[in-house]
Amino acid sequence: MTIITGGCFCKAIQYRIKTGISMAVNCHCNVCRKAGGGAFSSHVVVRERRFEIVSGEESLSPFHLGESVTKHFCRHCGSPIFNSNKRYPGHRMVAVGTLDDPTVVTPTANTHCDSQLNWVVLDEQMQNFPQDYS
Ligand SMILES: [Zn+2]
Ligand SMILES: [Zn+2]
């Protein structure tokens, strides 16, 4: 079985994903921008049961970004590890930048393109949604 590994910047938190990546998505919403600090966020969507914290679980801190979304980050170095979303129960949106090899996934969709920064160029071959999926 393919195992994908990752962790935070300071290495306190290490995780692994037992394949089964549903998809990878870029989100251009204002919440992701503020919470992540980049022009947009990139997440891989994985089933909760396929995601395992190998070490540093005690360093993982939650921050509620709103009614349904919780960001889980390293309380030492601040790296965002994953988001959970009550609208997508049983899934974790793992921050692509924390994968040990981020090149193993390629986002296929952009969401909340209505809010994208005007210097971000979207790939027309991808699925580009004005807001959320639909
Ligand atoms: Zn850390
Ligand atoms: Zn977003």
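**A predicted protein model with a zinc site**

Student: Among contacts in the protein between residues at least 6 apart in sequence, what share joins residues at least 24 apart?

Tutor: The model is a predicted one, and a contact here means heavy atoms within 4.5 Å. Among the contacts between residues at least 6 apart in sequence, the share that joins residues at least 24 apart is 51%.

Student: In what pattern do the helix and strands follow one another along the sequence?

Tutor: The protein contains 1 helix and 11 strands. Read along the sequence, they give the pattern β-β-β-α-β-β-β-β-β-β-β-β.

Student: Why is the protein described as being as compact as a globular protein of its length?

Tutor: The C-alpha atoms fill a box of roughly 40 × 30 × 25 Å along the principal axes. For 134 residues the globule rule gives 14 Å. The protein is as compact as a globular protein of that length because its radius of gyration is close to that value, at 14 Å.

Student: What percentage of the 134 residues is buried?

Tutor: A residue counts as buried when its relative accessible area is under 20%. Of the 134 residues in the protein, the buried ones make up 41%.

Student: What percentage of the accessible surface belongs to carbon and sulfur atoms?

Tutor: The accessible surface of the protein comes to about 7,700 Å². Of this area, the part belonging to carbon and sulfur atoms is 52%.

Student: How far apart are the centres of the positive and negative side chains?

Tutor: The protein has 13 positive and 11 negative side chains. The distance between the centres of these two sets is 5 Å.

Student: What spacing do the donors of the zinc ion (ligand 2) follow along the chain?

Tutor: The zinc ion (ligand 2) is coordinated by the SG atoms of Cys27, Cys29 and Cys32, at 2.1 to 2.3 Å. Along the chain, these donors of the zinc ion follow the spacing C-x1-C-x2-C.

Student: Is Cys32 buried or exposed?

Tutor: Cys32 is one of the residues that coordinate the zinc ion (ligand 2). Cys27, which also coordinates this ion, has a relative accessible area of 12% and is buried. Cys32 has a relative accessible area of 15%, so Cys32 is likewise buried.

Student: What distance separates the C-alpha atoms of Glu52 and Tyr15?

Tutor: Glu52 belongs to strand S5, residues 51–55, and is partly exposed at 30% relative accessible area. Not counting residues up to four places away in sequence, Glu52 touches Gln14, Tyr15, Arg16 and Lys18. Although Glu52 and Tyr15 are 37 residues apart along the chain, their C-alpha atoms are separated by 5.5 Å.

Student: What is the relative accessible area of Thr111?

Tutor: Thr111 lies in strand S10, residues 109–111. Beyond the residues up to four places away in sequence, Thr111 touches several others, including Val25, Cys27, His28 and Phe129. Thr111 counts as buried, and its relative accessible area is 4%.

Student: What is the value of phi for His112?

Tutor: Most residues other than glycine have a negative phi. His112, in the loop between S10 and strand S11 (127–128), has a positive phi instead, with a value near 55°.

Student: Does Lys11 count as buried or exposed?

Tutor: Lys11 is found in the loop between strand S1 (3–7) and strand S2 (14–18). Lys11 has a positive phi, near 70°. The cut-off for this class is over 50% relative accessible area. At 61% relative accessibility, Lys11 therefore counts as exposed.

Key. Residues numbered from 1 in each chain as written. Chains lettered and ligands numbered in written order. Predicted model: local features only at pLDDT ≥ 70, side-chain atom pairs only at ≥ 80, totals over all residues. Heavy atoms only, no water. Helix = DSSP H or I, 4+ residues; strand = E, 2+ residues; numbered from the N terminus. Rg over C-alpha atoms; globule rule 2.2 N^0.38 Å. Buried < 20%, exposed > 50% of the residue type's maximum accessible area, 1.4 Å probe, protein only. Areas by Shrake-Rupley, 256 points an atom, 1.4 Å probe, with all protein chains shown as cover. Lys, Arg positive; Asp, Glu negative; His and termini not counted. Charge placed at Lys NZ, Arg CZ, Asp CG, Glu CD. Donors = N, O, S within 2.8 Å, 3.2 Å for Na, K, Ca; no water.
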